[in-house]
Amino acid sequence: MTTILASLQAVQAEHGYVPDDAIARVAEACNASRADVYGVLTFYRDLRTTPPPAVTVRVCQGEACQAVGARALMRQASDLSSDHVAIDHVYCLGNCALGPACEVNGRLLGRATGASIAEAIQEARP
Ligand code: FES
């Protein structure tokens, strides 16, 4: 039996987000209501209902990273935001020993700085 979450993750992996028309298909495949699917879709922050920007930066704000400057790094990263670059926060990327950590389009950066994030954004741009 496929779960609603797994189905939504599969849709997002294919399209980059979950389009409206996928909700009914997931509901039917999972023998659930559209309300159930919508509830799961809107509960998990990592599931998107709109196409993602070209570059997504997620700056860790977990405690270990905060102890080594994650809040200041978030302010620096926010200055890099644009129509094509989204800056978001996350709580722990599993890279605590190399904090402050961030992720640029899925690429993990340890001991991140504003400069290393800017460089990673340039490399990630299509
Ligand atoms: S707290 Fe930042 S990677 Fe774990």
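**View 1. Domain 1 and domain 2 have C-alpha centres 29 Å apart.** The chain splits into domain 1 (4-43) and domain 2 (55-124); the bounds come from an automatic or database domain assignment. This is a predicted model: local features need pLDDT of at least 70, side-chain atom pairs count only at pLDDT 80 or more, and totals for chains, interfaces and linings use all residues. Numbering runs from 1 along each chain as its sequence is written, and side-chain values use heavy atoms, without hydrogens and water.

**View 2. The largest pocket has a volume of about 360 Å³.** Closest to its centre, among 16 lining residues, are Arg45, Asp46, Arg48, Thr56 and Asp88. A pocket is an open set of points on a 1 Å grid over the protein atoms alone, where a 1.4 Å probe fits, with protein on both sides within 12 Å along at least five of seven lines; lining residues have an atom within 4 Å of a point. The volume is the space filled by probe spheres set on the points, which are joined across faces, edges and corners. β2 (85-90) gives the most to the lining, with 4 residues. Strands are DSSP runs (E, at least two residues), numbered from the N terminus.

**View 3. Phenylalanine 43 and tyrosine 44 form an edge-to-face pair.** The whole structure holds 1 aromatic pair. The ring centres of phenylalanine 43 and tyrosine 44 lie 4.9 Å apart, with planes at 85° (pairing: centres within 6.5 Å; edge-to-face: planes over 60 degrees apart). Phenylalanine 43 is exposed, at 65% relative accessibility; tyrosine 44 is partly exposed, at 37% (exposed: over 50%; buried: under 20%; partly exposed: in between; 1.4 Å probe, protein chains only).

Note on methods:
Rings of Phe, Tyr and Trp (its six-membered ring) pair if their centres lie within 6.5 Å; planes under 30 degrees apart count as stacked, over 60 as edge-to-face and the rest as tilted.
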